[in-house]
Amino acid sequence: MMCLNKTLNKVNTPILTWGNPFEANGKEVIFCVTGNPGISDFYIEFAEEMHKTLNLPVIVVGQAGHEFSLDNDAITEKNKDLYNLQGQLKHKLDLIENYVDKKSKFHFIGHSIGSWMIVELLHNNNDILNRVSTVNLLFPTLQNMAETKNGRFINGFVRRMHCVILFLCQILSLFPNFLINFLLNIYLMLHSLPLFYNERIKKVIDPRILEKVFFLAFDEMDNVRSLNNEAIHKITKMCNVIYSCFDGWAPLDYMAELKKQHPHLRMVEAADVAHSFVLKSSQIVAEMVSNHIKEQKSSAQ
């Protein structure tokens, strides 16, 4: 694995890679867009499994402003368009158009809001659509996010209290590092998560990053509304949707509506896998995605 810093749509961004997706000599590239929080480190185990199984270059890109950076400025009227949904689309488009090998085809993977971003990018960029081998939408948030169980919590509580939450995180950042580590390790043990997630969670609760996590989440609540059926129709034959039966962001009735609108869409339930699959189920989901890519490659031969 390598971590490379690229300036994408004016935002300094760490990119995680396995193999060399920038000089792939026409080899297919796996391109993964994270959910929100858009911290790429949470996807390391998933991406490693994909690379090991398929032996293809892999690139993981998080959301603009959601990673540690010396120039990670606070959101202002002048720069807010870099961090909203449209800014995030430009962020991913910059990476695809200006850095990834132009001779390569793509296996796109989007998680949560990353799925929405991929669908929108392909809908609006036919030149990229023509380079797609597969599209894998993992626990996708494609419609009416504000009306979901989690969306109602974001709008009803987090939106009202986000300034208080940011203030508390600012206070926490003043604590000695050993005390922060101790508190996070207790949290991780209580939730049966590995202790090496400690550094990843520190990124989430950094006030400079959490501000942008909230900003993007509120934009999602306001603007991810109706299902983009025209866009999904374009990718139906190459698309693979993985969903859960207990997802507070992509509930079963949304998945049923998606299947009703697109009956030929491949949809697979991931049993006992949570929306935030990268925390405990990276290997399971990586196997499901890899199997779809293998099947598509076999049928294309």
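Modeller: I will take the second largest pocket, whose lining divides into six nonpolar, two polar and three charged residues. In that count Ala, Val, Leu, Ile, Met, Phe, Trp, Tyr, Cys and Pro are nonpolar, Asp, Glu, Lys and Arg charged, and the others, Gly among them, polar. The model is predicted, so local features need pLDDT of at least 70 and side-chain atom pairs 80 or more, while totals for chains, interfaces and linings use all residues. Residues are numbered from 1 along each chain as its sequence is written, and side-chain values use heavy atoms, without hydrogens and water.

A pocket here is an open set of points on a 1 Å grid where a 1.4 Å probe fits, with protein on both sides within 12 Å along at least five of seven lines; lining residues have an atom within 4 Å of a point. The lining consists of F68, C169, L172, S173, N177, I180, K202, I205, D206, P207 and R208. Two or more of these residues come from each of helix 5, helix 6, helix 7 and helix 8. Helices are DSSP runs of H or I of at least four residues, strands runs of E of at least two, both numbered from the N terminus.

Helix 6 and helix 7 have axes 10 Å apart and pack at an angle of about 105°. Axes are lines fitted to C-alpha atoms over the stretch in contact, and angles run from 0 to 180 degrees between N-to-C directions. Helix 6 and helix 7 are therefore roughly perpendicular (65 to 115 degrees). Their contact (heavy atoms within 4.5 Å) joins N177, I180, N181, L184, N185, Y187 and L188 of helix 6 to N198, E199, I201, K202 and I205 of helix 7. By class, that contact has six nonpolar, four polar and two charged residues. N177, I180, K202 and I205 are also in the pocket lining.

In the other pair, the axes of helix 5 (149–172) and helix 8 (207–223) come within 10 Å and cross at roughly 165°. Helix 5 is therefore roughly antiparallel (over 145 degrees) to helix 8. On the helix 5 side the contact includes G151, I154, N155, V158, R159, H162, I165, L166, C169 and Q170. They meet P207, L210, E211, F214, F218, M221 and D222 of helix 8. Of the residues in this contact, 10 are nonpolar, four polar and three charged. C169 and P207 also belong to the pocket lining.

The largest pocket has about 1300 Å³ of space. It is lined by 38 residues, and N36, P37, V204, S276 and L279 are the closest to its centre. Helix 5, helix 6 (177–190), helix 7 (198–205) and helix 8 each give two or more residues to this lining. Its classes are 26 nonpolar, nine polar and three charged.

Two backbone details remain. The peptide bond from N36 to P37 is cis, with omega near 10°, and P37 sits in the loop between strand 3 (29–33) and helix 1 (44–54).

Key:
Angles under 35 degrees count as roughly parallel, over 145 as roughly antiparallel, 65 to 115 as roughly perpendicular and the rest as oblique. Grid points are joined across faces, edges and corners, and a volume is the space filled by probe spheres set on the points.
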